[in-house]
Amino acid sequence: MNVFEIQNAVYLIVFFVGLSVAIFAFVNSLLYSAESYDAANKLTKTAWCTILGLGVVIYFVPVPIPLVNIILLVAALVYLADVRPALAGLRRR
């Protein structure tokens with residue numbers, strides 16, 4: 001096993017982890033109502049679903065600039081770290 005095989009294996013793992021995070025964030029953004037986003041003082045549901053959906057689609061399209069994938073992955077991580085907990089805190093008890 002040479003260095004290039006290890007590098008390709010690591011890249012493949014990072015790719016699938018990033019894709020899994022993007023898909024989870026997108027599906028989770030669809031589960032909350034538009035009013036929840038307004039009540040949590042976050043971007044609208046349409047905006048988040050568009051950003052996260054674009055992130056999932058971009059993973060399947062070969063992009064000449066990999067920085068785009070990184071930016072959209074950061075958007076998914078921001079959703080999961082900031083928006084999702086705010087939306088989950090609004091549930092009725």
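Predicted model: local features only at pLDDT ≥ 70, side-chain atom pairs only at ≥ 80, totals over all residues.

User: How many salt bridges does the structure hold?

Analyst: The test is a Lys or Arg side-chain nitrogen within 4 Å of a carboxyl oxygen of Asp or Glu. By that test, the count for the structure is one.

User: Which residue forms a salt bridge with Asp82?

Analyst: Side chains of opposite charge can pair when their charged atoms come close. Here the closest N and O atoms are 3.1 Å apart. The side chains also make a polar contact. The partner of Asp82 is Lys42.

User: How many residues apart are Asp82 and Lys42?

Analyst: Asp82 sits in helix H4, residues 67-88. Lys42 lies in the loop between helix H2 (34-39) and helix H3 (45-60). The pair links distant parts of the chain, and the separation is 40 residues.

User: Is Lys42 buried or exposed, or in between?

Analyst: Buried means under 20% relative accessible area, and exposed means over 50%. Lys42 has 26% relative accessibility, so the class is in between. Asp82, at 40%, is in that class too. Lys42 is partly exposed.

User: Which residues is Lys42 in contact with, leaving aside neighbours within four places in sequence?

Analyst: Lys42 belongs to the loop between H2 and H3. Its salt-bridge partner, Asp82, is on the contact list.

User: How far apart in space are Lys42 and Tyr59?

Analyst: In sequence, Lys42 and Tyr59 are 17 residues apart. In space, C-alpha to C-alpha, the distance is 25 Å.

Notes. Residues numbered from 1 in each chain as written. Heavy atoms only, no water. Helix = DSSP H or I, 4+ residues; strand = E, 2+ residues; numbered from the N terminus. Buried < 20%, exposed > 50% of the residue type's maximum accessible area, 1.4 Å probe, protein only. Contact = heavy atoms within 4.5 Å. Polar contact = N/O pair within 3.5 Å; in protein donor to acceptor, adjacent residues only side chain to side chain.
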